[in-house]
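Subject: Structure for your review

Dear colleague,

Please find below the structure that I would like to hand over to you. My notes on what was found in it follow.

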Amino acid sequence: MGPPGAVPAEGGQDCADLSVLVRCAAGYCDGQASAMIRYVLGRFLSLVLSLVVASIVIFAVIEVIPGDPASFMLGVNARADTLAALRAEMGLDQPLPVRYFAWVTGLLTGDFGNSWTYKTPVAELVSDRIWVSLPLAIYALILSTLIAFPAGIYAASRRGSAGDVTIMGATQLGVAIPNFWFAMILVLIFAINLRWFSAGGFPGWDNPMQALKALTLPAIALALPQAAILARVMRSSLLDMLGEDFIRTVRAKGLSRRQALWRHAVRNALIPVLTIIGLQFSFLLAGGIIIEQVFFLPGLGRLIFQSISARDLIVVESVVMLLVFTVIVVNFLVDLAYAAVDPRLRRKA
Amino acid sequence: MSRGLIIGAALSVVFVVLAALSFIWTPFDIETLNIPNKLKPPSGAHWLGTDHFGRDILSMIMMGARTSIAVALLAVGIGMAVGVPLGLLAAARHGSLLDELIMRGNDLVFAFPSLVIAILITAVFGASAVNAIIAIGIFNVPVFARLTRGAALPLWERDFILAARVCGKSAARISVEHILPNITNLMIVQGTIQFSLGILAEAALSYIGLGAQPPTASWGRMLADAQTLVSIAPHTALVPGFAILLMVLGLNLLGDGLRDWLDPRIRVARV
Amino acid sequence: MSLLAIKDLSVQIGQAEILHGINLSVQAGEIVAITGESGSGKSMTALATMGLLPRGAQTQGTVMLDGIDILTTPEPALCQMRGNSMGMVFQEPMTALNPVQTIGAQVAETLLVHRNMPRREAHRQAAEVLQRVGLTVPPDRYPHELSGGQRQRVVIAMAIALRPKLLIADEPTTALDVTTQARILALLRELVSAFDMGLLIITHDLAVVADIADRIVVMQKGRVVEAAPTQTLLAEMRHPYTKSLFAASTHQVDLPDRAPAAPLLRVANVDRDYPMPREKLLGPRPRFRALHDISFEVEHGERVGLVGESGCGKSTLTRAILGLEDVQGGQIMLDGQPVFTGRHPNLTVRRKMQVVFQDPYSSFNPRHRVDRLITEPFHLLERPPTGPARDAAITKALADVGLSPSDGRKYIHEFSGGQRQRIAIARALIVEPELIIFDEAVSALDVSVRAQVLDLIADLCRKRPLGYLFISHDLSVVRTVTDRVLVMQAGRIVEQGPTEDVFNNPQHPYTKSLIAAAPQLPDITHAPETV
């Protein structure tokens, strides 16, 4: 994309060159590889497009809807010179498109602007805290998968048995438990009564074991309700697969029920499960913001809530964009994982 | 009818009745503070005990049920009112630019969990129950749009739709006359599930202060207030938590039961 | 001793007894065919033989394979036998293979499960087996890259990789085109003699049965009603059900004569293109030409057949004629007016034609009652009848197809497949169209029901001048209900002419191959008439 106001002829030239380049690159590919490249490129294009639209939406909500964001941030009693300083800081004298591009260019180069309340670069604030929030989400995702897969597979393979009924009953409860309340109960039991864990706070990553330990209760609180959902999806997806014609075919080849399940049904059942895992990541990331409140973790959640109450829109804007960015990128990765699992996406019919 | 359906329906009805009853009667007035009587465990006078202001927790739960149900129900309403027509439209124009646009739009909204939407809205407009409704409602739109489109597409391949087209019926008319009646069961089941998710989301939002504001009672806020008291007066945290758990459990059992009863082939999306 | 000996086999699932006292045997090198209509218990017999009955099925009797009773053999030992001493081929090749594994890996799995051999060796042998069954594509392909016939060869390769003594084939060619069917049947026959294998083939198609089987077992409602060597059975037909089955398969309808009339439908030089996925990244989208320069006419009251294999463009042509999709070249006129008028259909043209679809189960909205279903075409009328006039129209339409007025208040799930096709015809007739398109309208029906529906169509022709386009892959059906026939191949009409002329003296090589590939029932006119 050229800078705004570039001469049209020049922009057109750029586009032509680019398309020739891509066309040449594609010329070396045979049909099958090209289908794969087309798929990946298509998903990538959709990723970029989603990011662009998402950034426009966030920008519009934060900087356009309030009218004058600076006076919104400072409130009605703001002094004129403070207001002017903030307006200059935010570049409010510039037209909207210019401000938008400046913001996006800043994001791309790692410049998230300066927090008005903390008087420090947002990038610094974020980089301190993201190392709490992101590991928490990933920790919870791993836990959720580790619990859900065996539970779902076990329940599906012994459909109708006491084990299946127990697991399904447990997932029914797991789906209904609010994770922040579950977190409070965990604190009550494991931190206050048993004193196995501390009730909150985060010691930093200098001592990784201590850090992991501090994240364990929050991760469990986050993971269990999601694991319940995932186990249900895994079970029903597997049962669908076990009803497919090709399972009967492999049984006719002499595979036992167990072999048919593990060698054929599980991999096929992963396709719908992957979608849920992708969606869950965004819930874990967002849910983490709430769980951080329970455990007094210095993550993005705290930063966001402090910024909201301080009306520090600059921080809110960038942190929200970062969250949405992460979610969109994870969904892109899930799409790529599809291609690894499902050959129908890799090659054309 | 399965046992799950009956238990689920019973639990749901209990909470709806409690919420309705709160309009005319609660055991105690929750707007009068009674500090000396604070943090009392459950007793004959206060069945579920009192909170840190000495308010009757049962009364708070009844008022909170009102908030939860209202927010979740309206959010499901928004999701259905916008999502179902979008899904029908996308299915009717399958493969067109419009379809692509609707689906991409859906994907985009999915990248904004309801919490993030709530953060955005609250940052600009301040916190309120209405914002919670909008945030959860927006998130419900793509759920219903996707589900509707997904259920409508195979129906469009069926011969009876082709027969209707041969009879000169328009896509809009076919959508209303033939598609909609065949996806009603699915919508009822998914609506119940989204209702339960709405209860959870409302609780989470009011817990972090992005939902209903005091003096409106809400279960999430009760939990937030209880957080620092959990070791001294566990009932203040346990009661609202179980209220949420039971209501959501009831709705989920109702949804699953309805599915098995109406049409076992229905697949619900749970995200 | 027989290779397979089934004695007094009964199967019960829940309260329902599915099979009652089945007896049959298969010798090595022998082809035994089980035939019968849907619900006769054919497939259940096959699954019992493989030890693959659904959970909860209760069995009595014995199923002895090579001296071992399948019914009492524990599951682990059965796993040893399946794929090793017995193999099975299923009906639906499109879904019988695991979509995320290469075909080579799936064939190799049969070898790896039963033989202790290195993975490489298994894959090498799998490639050989795939060649043995006449598959020409490399083993690293995925199922979705193969045609139905190719996939069925893969399924056969999996079943015969270890040269089992018994092969069971459940409707192995039902989902395939006639020419593919002929090749698959030839392959099966050849494998039987090369491996000295017993083959138990299950099919509803009596022509296939008569063509391939050494012995025939006729089943009805879970019982064997007759079993004999093919020639004996065809000659004697002791059981009335056998007789009626064969009579229905060769059923000829009595079509009234008609005089030449003015053209009604005129299809002139029609081309229809579909855009395909791009082959190169930014290259132009290639277009697939589904219909190529199609031209033909249907006169008022003329009965025209259209035959061709799957993918030849029959469905595309149907949609174009019905005015549901535009064409890229040429034009389609009905009574002098174009059938396609963009998004707003020309109702005067539309009401002159109606359609009857193949699948009686998907042709009706399950949420509406029959009276509402069959009056849907009233939408095409400017002033649709209401009140008593509407009721009279419903009663007449239902009576025309042999149903009672009270059937109008019922929902569609209360009717059988044959009754549903009658209702579909009633829906088509209610606006008294000039042209009806029968799109594989009897293909999903059992032979006896099919014969009744064909008779109904002939009956309707006697009552009023009824013109139709009868689209089918089944040559014998087309031959009996049409005056003229069009033969379609790969989007083109390769031959057309009076039905008897085309069938007796086909000109185009494709028509010849179609007629040659279609299995023929031997002349059984000497068989006594049945009621």
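**Chain A on its own**

The accessible surface of chain A comes to about 15,900 Å², and 67% of that surface belongs to carbon and sulfur atoms. Please bear in mind throughout that this is a predicted model.

Chain A has 14 helices and 0 strands. Read from the N terminus on, its elements therefore run α-α-α-α-α-α-α-α-α-α-α-α-α-α. Of the 349 residues in chain A, 50% are buried. Among the contacts in chain A with a separation of 6 or more, 73% are between residues 24 or more positions apart.

**Where chain A meets chain B**

How many residues does each chain bring to this contact? Chain A gives 46 residues and chain B gives 41 residues. As general background, the size of an interface is often given as the accessible area lost when the parts come together. Between chain A and chain B, the buried area is about 4,000 Å², and carbon and sulfur atoms give 81% of it. On the side of chain A, the residues that lose the most area to chain B are Phe180(A), Trp181(A) and Met184(A), which together account for 15% of what that side buries.

The rule finds 1 salt bridge across the interface of chain A and chain B. In a salt bridge between these chains, the side chains of Arg232(A) and Asp256(B) meet at 3.0 Å, N to O. The count of residue pairs in polar contact between chain A and chain B is 4, with both residues at pLDDT 80 or more.

Several helices of chain A each supply at least two residues of the side that touches chain B, including helix H2 (31-64), helix H8 (179-193), helix H9 (208-242) and helix H11 (257-295). H11(A) gives the most to that side, with 9 residues. By class, the residues of the side of chain A that touches chain B divide into 38 nonpolar, 5 polar and 3 charged.

**Where chain B meets chain C**

Here 18 residues of chain B are in contact with 27 residues of chain C. The area buried between chain B and chain C is about 2,000 Å², with carbon and sulfur atoms giving 53%. In chain B, Asp159(B), Val166(B) and Cys167(B) lose the most area to chain C, together 31% of what that side buries.

Across this interface, too, the rule finds 1 salt bridge. Lys169(B) forms a salt bridge with Glu376(C), and their closest N and O atoms are 3.0 Å apart. The rule also finds 10 residue pairs in polar contact across the interface of chain B and chain C, both residues being at pLDDT 80 or more.

Which elements of chain B give two or more residues to the side that touches chain C? They are helix H6 (159-166) and helix H7 (171-207) of chain B. The largest share, 7 residues, comes from H6(B). By class, that side of chain B has 7 nonpolar, 4 polar and 7 charged residues.

**Backbone details in chains B and C**

A cis peptide bond joins Pro214(B) and Pro215(B), with omega at about 10 degrees. Pro215(B) is placed in the loop between H7 and helix H8 (219-226) of chain B.

In chain C, Glu171(C) has a positive phi of about 45 degrees although it is not a glycine. Glu171(C) is in the loop between strand S7 (166-170) and helix H6 (178-195) of chain C. Is Glu171(C) buried or exposed? Glu171(C) counts as buried because its relative accessibility is 8%, and the cut-off for buried is under 20%.

Asp293(C), also a residue other than glycine, has a positive phi near 50 degrees. Asp293(C) lies in strand S12 (residues 287-299) of chain C. With a relative accessible area of 44%, Asp293(C) is partly exposed.

**A covered helix in chain C**

Helix H3 (residues 103-114) of chain C is mostly covered, since 9 of its 12 residues are buried. Among them are Ile103(C), Val107(C), Leu111(C) and His114(C). What covers the buried residues of H3(C) includes helix H10 (245-252) and H11 of chain A, together with helix H2 (75-81), helix H4 (119-132) and helix H5 (148-160) of chain C.

With kind regards

Terms used:
Residues numbered from 1 in each chain as written. Chains lettered and ligands numbered in written order. Predicted model: local features only at pLDDT ≥ 70, side-chain atom pairs only at ≥ 80, totals over all residues. Heavy atoms only, no water. Contact = heavy atoms within 4.5 Å. Buried area = accessible area lost by both parts, 1.4 Å probe. Salt bridge = Lys/Arg side-chain N within 4 Å of Asp/Glu carboxyl O. Polar contact = N/O pair within 3.5 Å; in protein donor to acceptor, adjacent residues only side chain to side chain. Helix = DSSP H or I, 4+ residues; strand = E, 2+ residues; numbered from the N terminus. Nonpolar A, V, L, I, M, F, W, Y, C, P; charged D, E, K, R; others polar. Buried < 20%, exposed > 50% of the residue type's maximum accessible area, 1.4 Å probe, protein only. Areas by Shrake-Rupley, 256 points an atom, 1.4 Å probe, with all protein chains shown as cover.
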